[in-house]
Amino acid sequence: MKNIIKGLSLVVALSTVGFMNGQHKNHKNVSVTPEESTEFIPAVRLINNPDGSCSFEKGKIPTLKHMNTTTFWMSNKTEEWEKNAHPAPRRQYVITIKGNIRFKVTDGSTFMIKPGVVLLAEDLKGTGHSWDMVKSKEWERLYIPIAENADDFFVRDSQ
């Protein structure tokens, strides 16, 4: 129940956020953990590089910004094909309510998504990303599609 409340709190905060063009930066194995902040929520964005490969960037999303979205849905089901490399079907926020998920991008770099960290899926072309559950048997998540040409307010960490 605590995780569901945490996840719904993220949805409320995000439903009051929107989208910027990101720049590519190589990252190797990174773990992102939720931070106590009233100004930002930690986030990782999957992006396409000019050559069509997939990479990611670590950052954050400011709270209390209005997002241009109209719907969302929840899922706790996973089919095996979803764990294989695939591009995102649409630009979307993926909010993890329960589970620890290791994502892998084209160059083999990985990162973890845990409850309290927002995933922005924007790798719409190429082979995309793959993922697997770590010490979890189920991944409960919310999908929030981002409207076309909308701003996601993603702020890339400086490194």
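# A tour around strand β3

Select strand β3 (residues 54-62) and strand β11 (residues 155-156): the two run antiparallel and are joined by two bridges. Strands are DSSP runs of E with at least two residues, helices are runs of H or I with at least four residues, and both are numbered from the N terminus. Two strands count as paired if DSSP finds at least two bridges between them.

The model is predicted, so local features need pLDDT of at least 70 and side-chain atom pairs count only at pLDDT 80 or more, while totals for chains, interfaces and linings use all residues. Residues are numbered from 1 along each chain as its sequence is written, and side-chain values use heavy atoms, with hydrogens and water left out.

Stay on this pair and pick glycine 59; its bridge partner in β11 is arginine 156.

Now colour β3 by burial. Seven of its nine residues are buried, which leaves the strand mostly covered. Buried means under 20% relative accessible area, exposed means over 50%, and partly exposed lies in between (1.4 Å probe, protein chains only).

Next, select strand β2 (residues 40-48). Nine bridges join β2 to β3, and the two strands run antiparallel. Arginine 45 stands opposite glutamate 57 of β3. In the β2-β3 hairpin, five residues lie between the strands, and glycine 52 has a positive phi near 90°.

Seven strands form an open sheet in the order β4-β10-β5-β8-β2-β3-β11, with mixed pairing. Its edge strands are β4 (73-75) and β11, each of which pairs on one side only.

From β3, follow the chain towards β4 and stop at methionine 67, in the loop between these strands. Is this residue buried or exposed? Methionine 67 counts as buried because its relative accessibility is 11%.

Finally, show the whole protein chain. The secondary structure comes to one helix and eleven strands, and along the sequence the pattern reads α-β-β-β-β-β-β-β-β-β-β-β. Of the 159 residues, 47% are buried. The accessible surface comes to about 8700 Å², with 52% belonging to carbon and sulfur atoms. Accessible areas come from the Shrake-Rupley method with a 1.4 Å probe; for residues, only the protein chains shown count as cover.
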